[in-house]
Amino acid sequence: MTKNSSPRRARGLRLIKRTTQGIALGALGLTGLVAAEAAGHTTAHHSASSTPTQSQSTTNTDPAAASEATTAASSLQAPSSTPSSSSSSSSGVVSGGS
Amino acid sequence: MALWYLTRATGVVTLILLTLTVALGVADVKRLHSRRIPRFVVDGVHRNAALLSVAFLAVHVLSTVADGYVPIHLADAVIPFGAAYRPFWLGLGALSLDMLAAVVITSLLRRRIGRRAWRLIHWLTYVSWPVALAHSIGTGTDAGSRWMLIVTACCVSTVLAALLVRRMPRPTAASPRRLSAAAPARSPRALRG
């Protein structure tokens, strides 16, 4: 009987295979878990280390800056003489101000 | 954004897999095995864990480059300290990757390059791992989060424990004599593994 065909070796090879599969599955599961955890939080990387070349999407903007912009838009809209005619905020601001 | 999440996740998992690989490597060197888990199983799992960590490392690098938000090119992943974005911390990652690549390639070519050269290059693992850890702490987005601190602490304590075991005298120090008494035909080279 050769070394490769011994039952002990065959059992060992099965053990290597099973353990490797377990590690691989664990690693994949952990990858999904960490990715989900990262997605659950605000993307600190994209807001903190912002590069000027790429614009951020509306969902990833700084909440403080977003609320500030909303306040500014509403304060500009307030003196509008034609409140019923404004369909969008940006057009309303321009037409109301002028 | 999905690529960025993938980058972060694969980075963490690669660190864990590298830690496991180092621990298994030490167990292999110290011949820590049992009747149910023979040494060649420890060796095989060590090798597969190393290859798995290389696969995750490849995904980590490729997803970082493909994400495109920060200016990191493929060359920056291989050439240390040349990146425009966080050159030092990214350089550590590149350095670790280069050392790991050397270890893996020489392991695959072990029969061709000889045991002595393979062993010398394999010592790079003990440099590559802390460099990878420094890279993860220095540039990892999640480095400050509580769960990542726990992961880092577990990895560090695992490798420290492995190093302590590595420094301990071999538990089978008397076994060559015992084995040679039982099987005198076996050569010392075979016993050395």
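Two residues are taken to be in contact if their C-beta atoms, placed from the backbone, lie within 7 Å. On that basis, in this predicted model, 20 residues of chain A and 24 residues of chain B make up the contact. On the chain A side, helix H1 (7-40) and helix H2 (44-48) each put in at least two residues. H1(A) gives the most here, with 14 residues.

Turning to chain B itself, two of its helices pack together. Helix H1 (residues 2-29) and helix H2 (residues 39-67) of chain B meet at an angle of about 160°, and their axes are 8 Å apart. Angles over 145 degrees count as roughly antiparallel, so H1(B) and H2(B) are roughly antiparallel to each other. The crossing in which H1(B) passes H2(B) is left-handed. Where H1(B) and H2(B) touch, the residues come out as 18 nonpolar, 11 polar and three charged.

B:Asp43 sits in helix H2 of chain B. Around B:Asp43 there are 19 other C-beta atoms within 10 Å. A residue needs 20 or more to be buried and 12 or fewer to be exposed, so B:Asp43 is partly exposed. B:Asp43 and B:Asp28 are 15 residues apart along the chain, and their C-alpha atoms are separated by 5.9 Å.

Terms used:
Residues numbered from 1 in each chain as written. Chains lettered and ligands numbered in written order. Predicted model: local features only at pLDDT ≥ 70, side-chain atom pairs only at ≥ 80, totals over all residues. Helix = DSSP H or I, 4+ residues; strand = E, 2+ residues; numbered from the N terminus. Axes fitted to C-alpha atoms, helices over the stretch in contact; angles between N-to-C directions. Parallel < 35°, antiparallel > 145°, perpendicular 65-115°, else oblique. Left-handed = near helix turned anticlockwise from the far one by under 90°. Nonpolar A, V, L, I, M, F, W, Y, C, P; charged D, E, K, R; others polar.
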